[in-house]
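Please look through the following notes with the structure open beside you.

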Amino acid sequence: GINAEYGVPYRATGKEVFDKAANTIGLRETWFFGLQLANQSTQATSTEMWIDESKRIIDQINLPADNKPVQFYLLVKFYPVKISDLIQDITRHLFYLQVKDQILSRIIYAPANVCVMLASYALQAKFGDYNPTK
């Protein structure tokens with residue numbers, strides 16, 4: 001993934017933080033993504049809390065008492081019907097990274113034969129077509 005650290009105003013909204021992250025990596029297809037709180041100190045009972053873009057961050061989380069930075073993940077929130085609907089390379093790359101991580105951490109189940117096929121696609125994308133003369 002991509003790690004970045006930002007200083008944001010105390011009263012920043014979820015949209016301001018989201019836009020800063022999206023602009024930094026050049027993400028324009030933002031409607032597929034959202035911010036998710038990375039640490040455990042949320043007001044919700046779930047540790048996977050999506051940040052509401054219309055509300056201030058401070059109203060959605062409990063700030064750590066030790067003033068440590070609050071960490072968010074820019075994650076895929078909505079999946080397209082067809083993968084060909086994704087236009088930007090960065091969008092496809094972020095989808096790939098998240099799906100790969102979710103398969104490896106067993107959040108998404110994939111049978112062994114599908115995992116092998118997906119791994120072969122990843123290797124082909126990284127190294128190109130097989131060339132026996134190399």
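In which sense do β1 and β2 pair, and over how many bridges?

1. The model is a predicted one. In it, β1 and β2 run antiparallel to each other and are joined over five bridges. One of the residues to look up is Gln36, whose bridge partner in β2 is Tyr73.

2. Strand β1 (33-37) is largely enclosed by the rest of the structure, because five of its five residues are buried. Phe33, Leu35 and Leu37 lie on one side, Gly34 and Gln36 on the other, and both faces are covered. In a regular strand, side chains alternate between the two faces of the sheet.

3. Helix α2 spans residues 89-104, which is 16 residues. From first C-alpha to last the helix reaches 22 Å, close to the 22 Å expected at 1.5 Å a residue.

4. The buried residues of α2 are Thr91, Leu94, Phe95, Gln98, Gln102 and Ile103. They sit on the same side of the helix, because the arc they cover around the axis is only 160°. An α-helix has 3.6 residues a turn, so residues three or four places apart point the same way. On the other side of α2, Asp89 and Leu104 are exposed.

5. Just after α2, check the backbone at Arg106, which takes a positive phi of about 65°.

Notes:
Residues numbered from 1 in each chain as written. Predicted model: local features only at pLDDT ≥ 70, side-chain atom pairs only at ≥ 80, totals over all residues. Heavy atoms only, no water. Helix = DSSP H or I, 4+ residues; strand = E, 2+ residues; numbered from the N terminus. Expected span 1.5 Å × (residues − 1). Buried < 20%, exposed > 50% of the residue type's maximum accessible area, 1.4 Å probe, protein only. Arc of directions from axis to C-beta. Contact = heavy atoms within 4.5 Å. Pairing = 2+ DSSP bridges.
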